[in-house]
Amino acid sequence: MLPKKDKQLSLPEKTAISKEDWDKRLQHIVLDKSQLNKLVMDYLITEGYQEVAEEFQQESGTEPGVDLSNLSDRMAIRAAIQQGDVINGIHKVNKFDPEILDSNPTLHFHLQQQHLIELIKKGNIEEALSFAQEELASRAQENVEFLAELERIMALFVFEDYTKSPDTDLLTNKQRQKIAGELNAAILDSQCLDKDPKVNTVLKMIFWAQKQLEKKGVSFPLLKNLETAELEVSHLSSTKEDIFNDQILDMMHAEESDES
């Protein structure tokens with residue numbers, strides 16, 4: 001779905017492109033609106049915005065290619081995890097498709113670990129210890145990675161005030177979002193759908209293109225803010241590479257937070 005480029009606008013042999021020159025080139029780019037609409041619809045479906053997707057379908061005439069009614073089930077499952085109601089989330093996903101967790105033991109273990117974290121956050125220490133011993137300990141002994149993850153959670157018990165633990169990230173909403181995202185990706189995979197919106201690939205392509213220009217020693221208008229599309233004329237440094245990747249993650253986390 002790459003935009004068509006005017007052949008007369010080939011890159012001149014110079015090492016600097018002004019913002020004005022860049023803007024002129026962009027004005028000559030021909031975009032297929034139907035392809036843009038498909039990109040938007042793909043994002044709405046992947047992220048689970050059912051009502052918005054239905055309205056967008058009516059307004060733009062873009063076919064979703066999937067049954068939009070299924071989005072509500074997937075979003076209810078993700079919302080349960082994001083709200084800390086893990087057991088309810090597990091119940092919902094098993095009702096939706098029991099093979100998802102049966103075929104993905106790592107995901108199932110992560111969900112159980114998240115339930116343990118939620119018990120710790122609520123101060124239900126005895127219940128948390130009992131759950132860890134009965135549901136997680138035996139599985140962790142059979143898997144080195146599981147054991148390391150469980151030990152990190154159990155280390156929270158050492159601190160009377162959990163907020164003073166070096167592993168406080170386990171107690172944040174980002175941890176919930178991480179597990180909810182992992183479950184959402186598994187559900188999408190079970191439906192033969194991409195786990196990430198195609199727009200994420202477009203953003204990565206933009207980043208890749210900027211790196212190619214940098215390697216050629218070209219000074220150009222760098223996309224430095226994904227939310228505002230603000231540009232600055234500069235080379236793309238490794239520091240800005242990290243900022244660019246962080247912005248993609250922050251935008252995704254912000255969207256998930258808005259849903260919870």
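**Entry 1: Glu47 and its partner**

I began with Glu47, which counts as buried at 8% relative accessibility. I kept in mind that this is a predicted model. Next I asked: with which residue does the side chain of Glu47 meet in a salt bridge? I found Arg78 there, at 3.9 Å from N to O. The pair links distant parts of the chain, with Arg78 in helix H4 (residues 70-82) and Glu47 in helix H2 (residues 33-47), 31 residues apart. I looked up Arg78 too and noted that it is buried, with a relative accessible area of 3%.

**Entry 2: other salt bridges**

I then turned to the total, and the structure holds 10 salt bridges. One of them joins the side chains of Asp21 and Arg25, at 3.5 Å from N to O. I placed these two residues in helix H1 (residues 19-27), where being four residues apart separates them by about one helical turn. Are they buried or exposed? I noted both Asp21 and Arg25 as buried.

My next stop was Asp169, which forms a salt bridge with Arg152, and the closest N and O atoms are 2.7 Å apart. Asp169 lies in the loop between H9 and H10 and Arg152 in helix H9, so this pair ties together parts 17 residues apart in sequence. I wrote down Asp169 as partly exposed, at 35% relative accessibility. Arg152 also went down as partly exposed, at 33%.

I also came upon a network: salt bridges that share partners join Asp42, Asp194 and Lys198.

**Entry 3: aromatic pairs**

How many aromatic pairs does a search of the whole structure find? I got three. Among them is the pair of Tyr43 and Tyr49, which is stacked, with 6.3 Å centre to centre and 25° between the planes. I recorded Tyr49 as partly exposed, since its relative accessibility is 24%.

Phe109 and Phe146 form another stacked pair, with 4.1 Å centre to centre and 10° between the planes. Phe109 sits in helix H7 (residues 105-122) and Phe146 in helix H9 (residues 144-154), so the pair ties together parts that are 37 residues apart in sequence. I checked how covered they are: Phe109 counts as buried at 0% relative accessibility, and Phe146 is buried with a relative accessible area of 7%.

**Entry 4: charge on the surface**

I went over the surface and found a patch of negative charge where Glu51, Glu54, Glu55 and Glu59 gather.

Lys95 was next on my list, in helix H5 (residues 86-96). I have it down as exposed, because its relative accessibility is 71%. I also took the C-alpha separation between Lys95 and Asp73, which are 22 residues apart along the chain, and got 9.9 Å.

Where is Cys192 found? I traced Cys192 to the loop between helix H10 (173-190) and helix H11 (198-215). Cys192 is exposed, with a relative accessible area of 73%.

How values were computed. Residues are numbered from 1 along each chain as its sequence is written. This is a predicted model: local features need pLDDT of at least 70, side-chain atom pairs count only at pLDDT 80 or more; totals for chains, interfaces and linings use all residues. Side-chain values use heavy atoms; hydrogens and water are left out. Patches are made of residues with over 30% relative accessible area and no salt bridge: like charges are joined within 9 Å, nonpolar side chains (Val, Leu, Ile, Met, Phe, Trp, Tyr) within 5 Å. Accessible areas come from the Shrake-Rupley method with a 1.4 Å probe; for residues, only the protein chains shown count as cover. A salt bridge is a side-chain nitrogen of Lys or Arg within 4 Å of a carboxyl oxygen of Asp or Glu. Lys and Arg count as positive and Asp and Glu as negative; His and the chain ends are not counted. The place of a charge is taken as NZ of Lys, CZ of Arg, CG of Asp or CD of Glu. Rings of Phe, Tyr and Trp (its six-membered ring) pair if their centres lie within 6.5 Å; planes under 30 degrees apart count as stacked, over 60 as edge-to-face and the rest as tilted. Buried means under 20% relative accessible area, exposed over 50%, partly exposed in between (1.4 Å probe, protein chains only).
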